[in-house]
Amino acid sequence: MAVTAKMVKELREKTGAGMMDCKKALSEVEGDMEKAVAYLREKGISKAQKKQDRIAAEGSTHIEVDGNTAVIFEVNAETDFVAKNEQFKHLLNELGTHLVKQQPANVEEALEQKLHGEGDTLNDYITETIAKIGEKISLRRFEIVEKTDNDAFGAYLHMGGRIGVLSLLEGTTEESVAKDVSMHVAAVSPRYINREEVPEEEVNAEREALKKEALNEGKPEHIVEKMVEGRLGKFYESVVLTEQAFVKDPDKKVKEFVQEQGATIKGFVRYEVGEGMEKREDNFAEEVMNQVNK
């Protein structure tokens, strides 16, 4: 059976595969559309599995809110080109909807679940997307957050999802207030909400380091302790959210800003794409050529 341009177009629309791949698939199965879809799926998955040992430290964070439930997650790809791809964005939306509805306990459980409760598993869906896009893609991590009707989520994506922050404020339903807190977290990257959350061993280690620093400066021992306690304040400002100068109004601290709104910060999650992961060595020109040659 002759393979027509119309048939190739139809198969491309159904599968997202390349024109030449579609033409070859139709030729292999003598024009049978359903068999061609199955052929491409089988070949695509095979190719996708070969990509699993590649480094994928680019990608995007994403946040999905559904009533009183929200999820923040990170999906990795090999290049930042893919993060701007419409198929990749569609993947983010599908994963967000699934995670916020199905609420799996961890990534492993999520990957084994049926997408939206039916059909292929999440892992199968990601594998099929890899076959279409041509890069390794992986769901790295996620966190589900719950609130009450009297609370507010602050959802903020910076640089198109390069950094994602989801905050939870109690005592206000103003999402704009919570979003301002999330913007601050994205910019300054605190690690704790308040002083009480900072582990004692971390504070003691900092105290000892400051003490040695003061003694090395030749400060008298009888004033070193007072100096150390004073300098600890700077340490808290570097790691504690409520102690930091608010980025939108540096004359007040974050805790003052939220108190003025009658609110309390109950939690925040900050993801930055690829943090702590091995990075690719490719330069920009090579990255461009990798895309062109796919």
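1. Two strands count as paired if DSSP finds at least two bridges between them. Helices (H or I, at least four residues) and strands (E, at least two) are DSSP runs, numbered from the N terminus. With these terms, Val65 has Ala70 in β2 as its bridge partner.

2. The model is predicted: local features need pLDDT of at least 70 and side-chain atom pairs count only at pLDDT 80 or more, while totals for chains, interfaces and linings use all residues. Residues are numbered from 1 along each chain as its sequence is written, and side-chain values use heavy atoms, with hydrogens and water left out.

3. Overall figures for the chain. The secondary structure comes to 12 helices and 8 strands. Of the 294 residues, 44% count as buried (under 20% relative accessible area; exposed is over 50% and partly exposed in between, with a 1.4 Å probe and protein chains only). The accessible surface is about 16200 Å², and carbon and sulfur atoms hold 47% of that surface. Accessible areas come from the Shrake-Rupley method with a 1.4 Å probe, and for residues only the protein chains shown count as cover. Among the contacts in the chain with a separation of 6 or more, 59% are between residues 24 or more positions apart; contact means heavy atoms within 4.5 Å.

4. The sheet β1-β2-β3. These 3 strands form an open sheet in that order, with antiparallel pairing. β1 (58–66) and β3 (138–146) are at the edges and have a single partner strand each, so one side of each lacks a neighbour in the sheet. Neighbouring strands are turned by 15 degrees against each other on average, direction ignored. β1 and β2 (residues 69–77) run antiparallel and are joined by 9 bridges. Helix α5 (residues 86–102) packs on this sheet and touches β1, β2 and β3; its direction makes about 140 degrees with that of β2. Axes are lines fitted to C-alpha atoms, for helices over the stretch in contact, and angles run from 0 to 180 degrees between N-to-C directions.

5. The α5/α7 pair. α5 also packs with helix α7 (residues 122–133), at an angle of about 175 degrees and with the axes 11 Å apart. That makes the two helices roughly antiparallel (over 145 degrees; under 35 counts as roughly parallel, 65 to 115 as roughly perpendicular and the rest as oblique). Residues in the contact include Phe88, Leu91 and Leu95 of α5, and Leu122, Tyr125 and Ile126 of α7.

6. The sheet β4-β5-β8. Here too, 3 strands form an open sheet with antiparallel pairing, in the order given. β4 (151–158) and β8 are the edge strands, each pairing on one side only. The twist averages 10 degrees from one strand to the next. Strand β5 (residues 163–170) is joined to β8 by 8 bridges, in the antiparallel sense, and Leu166 stands opposite Val269 in β8. α8 lies across β4, β5 and β8, at about 40 degrees to β4.

7. The β6/β7 hairpin. Strand β6 (residues 245–246) pairs with strand β7 (residues 249–253) in the antiparallel sense over 2 bridges. The hairpin joins them through 2 residues. Ala245 has Lys253 in β7 as its bridge partner.

8. Salt bridges. The structure holds 19 of them, each being a side-chain nitrogen of Lys or Arg within 4 Å of a carboxyl oxygen of Asp or Glu. Glu275 and Arg141 form one, with the closest N and O atoms 2.7 Å apart. Glu275 lies in the loop between β8 (264–272) and α12 (284–292) and Arg141 in strand β3, so the pair ties together parts 134 residues apart in sequence. Glu275 is partly exposed at 30% relative accessibility, whereas Arg141 is buried at 19%.

9. Glu202 pairs with Arg191, the closest N and O atoms being 2.8 Å apart. Glu202 is in helix α9 (residues 200–216) and Arg191 in the loop between α8 (175–188) and α9, so parts 11 residues apart in sequence are tied together. Arg191 is partly exposed at 46% relative accessibility. Glu217 and Arg231 meet at 3.1 Å, N to O. Glu217 lies in the loop between α9 and α10 (221–239) and Arg231 in helix α10, so this pair ties together parts 14 residues apart in sequence. Glu217 is partly exposed at 42%, and Arg231 counts as partly exposed at 25%.
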